[in-house]
Amino acid sequence: MEPKEYPPSFTSRSTSFIPSDQQSDSRIILDDEKLPPVDGGVQAWLFLMASAMLESLVWGYAFAFGIFQDYYSTHEPFEGSGNIAIIGTCAMGIAYLIAPLVIILMILVPKIARWVSTIGVVIMCLSLALSSFSTTVMHLILSQGLGFGIGGCFAYTPTILFMSEWFDKRKGLAFGIVWGGSGLSGIVFPLVIQWLLNQYGIEATLQISSVALFILAVPFLYFHRPRLRTTEIAYHRLNFHFLYNKVFVIYQLGNTLEAIGFFLPTIYLPTYARSLGASDYMASLTVVLVNLFTVFGCVIMGFLSDRYHITTCILMSTVGTVIAVFFIWGFAATIPPLYLFCIAYGLLAGGFSSTWAGVSHEVQKANPSADATVIFPFMETGRGIGNVASGPLSEALLKADNWRGHALGAYGTGYGALVVCTGATALMGGFSVVARQLKWI
């Protein structure tokens, strides 16, 4: 494993690598001595803290949807309804899918870039409040799903654009810390949501969540801002030729395939744990464990991606996840081995998104004119496509599972098809590793 070499980035103090026709961009030619330092300093770390907090509020809440899934499936007026899983996959999928559109909007209208995350928090919280009045699953899909996803995307996506201004050499680690924020909040949210549901019911839980997320987000919005100020449109950053390059296509294919099954465990683990006899809080603990160890997985993967070729990191995540899914979850017929799976899955699969900074680096090497802040959200789009597809797919797999009573462990509980789908898509997520060995990239 060879240490990585870094290409010039838009956060570098040098402008010698930028064509002369692009050096007029005010984001680049500003006097660096008047700007906060890159890769360190109080303002950089405050930005990172704000980014991690917004990430934790958006994704920590979204990743706790398994608790809502369990509640909707067993309580009126949604009990027995189909398409409940689509609510959660829609929220997460939309938040990933439209990330490039938000990035492009901020580049084309730089005056509003500073306020995009604030707008997102308002939309996100308002959508949750409106979802409390839902009487059908379709109402929940539109509010807790679509509305929350749009607001969440606006809230966290500016991190991607601003991160390249605040961090350069430590970018992988910085993204790992930010992604770890969602895992950290995921320790608290499932338990709090479960308690609120038990005490007050679904309407009050959604309303309290709306107010609480807003109060928690507001103090950090001030620090979620760009390092560089500009009112000019940086048209040269909107270079999309990389979308047709085989390097991007190969990494994106693996990323999308992995995403199809990635979210299934966090959605269905509480329900599966309940089928094994777990109480409400024991069932909630499955999501807590996944999210807790996702924190470590994200930071470790971000740290490694700064030092080794990204396919090495993807290989570690892929092999570990496949083993955990097929051999631990697959044969987990009691609660203790299921908890062991949750720990392994969070640690190994949870850090997969921290490889995107390294993937952007590889795509930039093949497409020097591409901007990393534009490449990155397209990786999120790939995950969003897989996420949205996983909702209806999981519903179909549960209905078509014919292994109940005919196989060991989880394979014979009615969730066997979900286990196989999760493991198979995790395996396909390592496609780039094979492609590198075959010299395709």
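This is a predicted model: local features need pLDDT of at least 70, side-chain atom pairs count only at pLDDT 80 or more; totals for chains, interfaces and linings use all residues.
The UniProt record, an unreviewed entry, lists residues 247-441 as "domain: Major facilitator superfamily (MFS) profile". Across this stretch the chain is 76% helix and 0% strand, and its end C-alpha atoms lie 6 Å apart.

A nonpolar patch on the surface is formed by Leu315, Val319, Ile323, Phe327, Phe331 and Leu408, which together have about 610 Å² of accessible area. One of these residues, Phe327, sits in helix α13 (residues 310-329). Phe327 has a relative accessible area of 57%, over the 50% cut-off, and therefore counts as exposed. Thr355, in the loop between α14 (335-348) and α15 (356-366), is buried, with a relative accessible area of 1%. Apart from neighbours within four places in sequence, Thr355 is in contact with Met301, Ile310, Cys313 and Ile314.

Turning to charged pairs, the model has 5 salt bridges. In one of them, Asp70 pairs with Arg274, with the closest N and O atoms 2.5 Å apart. This pair links distant parts of the chain, 204 residues apart: Asp70 belongs to helix α3 (residues 65-74) and Arg274 to helix α11 (residues 264-275). Asp70 is buried at 4% relative accessible area, whereas Arg274 is partly exposed at 30%. Arg274 also forms a salt bridge with Asp280, at 2.7 Å between the closest N and O atoms; Asp280 is partly exposed, at 25%.

Within helix α15, Lys365 and Glu362 lie 3 residues apart, about one turn of the helix. Their salt bridge has its closest N and O atoms 3.8 Å apart. Lys365 is exposed, at 51%, while Glu362 is buried, at 11%. Shared partners join Asp70, Arg274 and Asp280 into one salt-bridge network.

Definitions and conventions: Residues are numbered from 1 along each chain as its sequence is written. Side-chain values use heavy atoms; hydrogens and water are left out. UniProt positions are given in the numbering used here, feature names are shortened, and annotations may be inferred rather than shown by experiment. Helices (H or I, at least four residues) and strands (E, at least two) are DSSP runs, numbered from the N terminus. Patches are made of residues with over 30% relative accessible area and no salt bridge: like charges are joined within 9 Å, nonpolar side chains (Val, Leu, Ile, Met, Phe, Trp, Tyr) within 5 Å. Accessible areas come from the Shrake-Rupley method with a 1.4 Å probe; for residues, only the protein chains shown count as cover. A salt bridge is a side-chain nitrogen of Lys or Arg within 4 Å of a carboxyl oxygen of Asp or Glu. Buried means under 20% relative accessible area, exposed over 50%, partly exposed in between (1.4 Å probe, protein chains only). Contact means heavy atoms within 4.5 Å.
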